[in-house]
Amino acid sequence: MEQESPNKFLPYMRKDRLPHIFCTGCGNGTIISAFLKGMQKAEMDFENIAMVSGIGCSSRIPGYMECDSLHTTHGRALSFATGLKVSNPDLDVVVFSGDGDAASIGGNHLIHAARKNIDLTVICINNNIYGMTGGQISPTSPKGSIGTTAPYGTDDYPFKLAELVAAAGATYSARWTTVQIDNLVGSIKKALKNPGFSFVEVASQCPTYFGRKNKLRTPTAMAVTMKMNTVFKSEADRMREKDLEGKIIVGEFADKQRPDYTDNIQKLSEAKSGGKTLRYSAYMDDI
Amino acid sequence: MTEELFIQGNEACAKGALKAGCRLFAGYPITPSTEVAETLAKELPKVGGSFIQMEDEIASAGAIIGSSWGGTKSMTATSGPGFSLMQENIGYAFITETPIVIVDVQRGSPSTGQPTMAAQGDIMQARWGSHGDYEPIVLSPSSVQEYFDFTVRAFNLAEKYRTPVFVMSDEVVGHMREKVIIRDDLEIIPRVKPESSENYLPFRNVKNGTNPMPAFGQGFDIHVTGLTHDERGYPDTDDPKTHETLVKRICDKILNNKDDICDIVAEDTENADIVVISYGAPVRSMITAVKNAQAEGKKVGYIKINTPWPFPDEQIYELTKSASDVIVIEMNLGQLYYEIDRVVKCHANTHLIDKIGGLLPTPNEILAKIEDVGGN
């Protein structure tokens, strides 16, 4: 790692890939910083991290990080990550995803990865819109919000991802926004250390598409609105459902322990073969 | 030690995978392929391998690609409906040059079709199922022994050319029981790790087309993407040259090595008036029919195609030169037939035995066609 750097997180980035493609005011930069800060606080070895992502703005993040990174097909990142983690359980596998990628096309993979409680850390950047394709509504778009595919406002009911994933069996699930950095960093740290499926949803701003269509043109307007709409879980638990409409409930939705999927495979291997599963066996000529 | 077993086709496939070094299987239950998964669920934990039952076939294909980048030879097995679901990630495996093996135990189709009956309706899906230009390697076994041997070869070819390989069997070969000899001196090709991460380019435009492949966690810090990428693996989607260079290299590394990859068996074709051509399960009836026709004094030979893709066009052309008629047998309404017709129509008439419904064409049906076509 370089000693001198204008940004303390720059050593973790592929400098030959900069500048990045993210729009001005996008929440992705804040979340990358929060992730790296959480990683440092968790005392993780960055060299041991492998990143996996699907398709969408948030899924471009691993491509900018100086680590092994697998930029896969739309919605399928968790299935690739599952194979990678089982193939080499020594790796710390982190998945970056968005609301369209994780909750729409990848919804089935999301609940099954949570059910398996496989030791992956998912950072799901929820900006309530398809940004890469130009502003279509997503499964998390708030009721009434405008997108190019909902020019009169969507009537659909949005998914509550952190709650959904907790219900599906994840051992750690939390939601924060890009304006609650300390909480977000704390959850990322916990998620990375949790030996099981960990999901951190980050409500984020997309001023370019969500903001422009929904009278929140500036990043500041989006951040202020997000902050105003935030309700802590402990408070939300005492509120009526009607009063929570349009609110962003932040906090932890799962924080428990149960056996992790890869551990179970290791135990089975130990019982049947007398040792852990083989690492890098494709390179062995005497297998 | 050489083993001699009497086992089912799908079991032989699983044993071939284990022999070839496969240490991860991810799959989803589907008839008539499920015994491959069941056998590996039992056997993989005994050899330090992993078995994963995924939520669907899309995820199964994703998991084996992820696993392959983790440094493990990986496989899935399915049938037509699952193979259709896998096509998206198959395209990903081609553009990222990821060695994987996919077994498709074909059944009556389209759609849910005939789950317990044999067919060869996926042979064009194996060729063109995913979007875009790519060159698949496809092996088509006609016996339980070949199902074992071709599965081993599929892993070897996948590693040698850093590419997905398909084993296209069918319900007949999948479920029949036959003797299998497992030799202990089989050639197994391990993956090649790059010598050093210094100046290493995972997608270099090398002359032979195939680069060594590191695994995640070995310190290479590589980026792998389904987007059109440069030699470093970085997305470069606007430069026509980058795209052309990448896609042509991926195709050429297969096409330029057809001599190594293509495998066909020809019998009595030199002076034949009629050449019968087939692949997979119908080969069994074809050989009997040709022998019977020869006993009647007809000048008939046959070609058995073990690798439908890349299509062995030069060999087919040469081996049918003396023939006036070529009969193609397929358990579909004509798929590889058109490829064969393209090659031989300048010198021979082509005829098709297109048997669908799930049953193998019988030797008598084929013999009747040979007699119908003529030949002296």
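Which element gives the largest share of the lining of the largest pocket? That element is α8(A), with 4 residues. This is a predicted model, and the report below walks through its pockets, cavities, sheet and salt bridges.

## Pockets

Start with the largest pocket. Its volume is about 850 Å³. The lining takes in 33 residues. Nearest the centre lie Pro142(A), Pro158(A), Gly246(A), Lys247(A) and Ile248(A). Four elements of chain A give two or more residues each to this lining: α5 (161-167), β8 (198-203), α8 (219-229) and β10 (248-255). By class, the lining of the largest pocket holds 13 nonpolar, 11 polar and 9 charged residues.

Now the second largest pocket. About 420 Å³ of space lies there. The lining of this pocket has 19 residues. Gly91(B), Tyr92(B), Ile95(B), His131(B) and Gly226(B) are the ones nearest its centre. Two elements of chain B supply two or more lining residues each: α4 (80-95) and α8 (240-255). The largest share, 5 residues, comes from α4(B). The classes here are 8 nonpolar, 9 polar and 2 charged.

## Cavities

Rolling a probe the size of a water molecule over the atoms shows where empty space is left. How many cavities of 30 Å³ or more does the count give? The count comes to 2.

The largest cavity is lined by Gly75(A), Ala77(A), Leu78(A), Val95(A), Ser97(A), Asp101(A), Ala102(A), Leu110(A) and Val122(A). The elements α2 (77-87), β3 and α3 (99-105) of chain A give two or more residues each to this lining.

The second largest cavity has residues of chain A and chain B in its lining. Leu78(A), Ser79(A), Thr82(A), His109(A), His112(A), Ala113(A) and Lys116(A) are there, along with Met54(B) and Glu55(B). The largest share, 4 residues, comes from α4(A).

| Cavity | Volume | Lining by class |
|---|---|---|
| Largest cavity | about 50 Å³ | 6 nonpolar, 2 polar, 1 charged residues |
| Second largest cavity | about 40 Å³ | 3 nonpolar, 4 polar, 2 charged residues |

## Salt bridges

The structure holds 29 salt bridges over all chains. One of them joins the side chains of Lys116(A) and Glu55(B), at 3.8 Å from N to O. This pair crosses between chains. Lys116(A) sits in helix α4 (residues 107-116) of chain A, while Glu55(B) sits in the loop between β3 (50-53) and α3 (57-69) of chain B.

Buried means under 20%.

Other pairs lie within chain A. Lys233(A) and Asp237(A) meet in a salt bridge at 3.2 Å, N to O. Lys233(A) is partly exposed, with a relative accessible area of 25%. Asp237(A) counts as exposed, at 54%. Asp243(A) and Arg240(A) form another salt bridge, also with 3.2 Å from N to O. Asp243(A) is partly exposed at 32%, and Arg240(A) is exposed at 56%.

Chain B has a network. Salt bridges link Lys258(B), Asp313(B), Glu339(B) and Arg342(B) there.

## The sheet

Which strands make up the open sheet of 9 strands, and in what order? The order is β9(A)-β10(A)-β7(A)-β8(A)-β4(A)-β3(A)-β1(A)-β2(A)-β10(B), and the pairing is mixed. The edge strands are β9 (230-232) of chain A and β10 (223-225) of chain B. Each of these edge strands pairs on one side only. Neighbouring strands are turned by 20 degrees against each other on average, direction ignored.

Look at one pairing inside the sheet. Strand β3 (residues 92-98) and strand β4 (residues 121-126) of chain A run parallel, joined by 5 bridges. Gly98(A) has Ile125(A) of β4(A) as its bridge partner.

Methods
Residues numbered from 1 in each chain as written. Chains lettered and ligands numbered in written order. Predicted model: local features only at pLDDT ≥ 70, side-chain atom pairs only at ≥ 80, totals over all residues. Heavy atoms only, no water. Salt bridge = Lys/Arg side-chain N within 4 Å of Asp/Glu carboxyl O. Buried < 20%, exposed > 50% of the residue type's maximum accessible area, 1.4 Å probe, protein only. 1 Å grid on protein atoms, 1.4 Å probe; cavity = no way out; pocket = protein on both sides within 12 Å on 5 of 7 lines; lining within 4 Å. Points joined across faces, edges and corners; volume = space filled by probe spheres on them. Nonpolar A, V, L, I, M, F, W, Y, C, P; charged D, E, K, R; others polar. Pairing = 2+ DSSP bridges. Axes fitted to C-alpha atoms, helices over the stretch in contact; angles between N-to-C directions.
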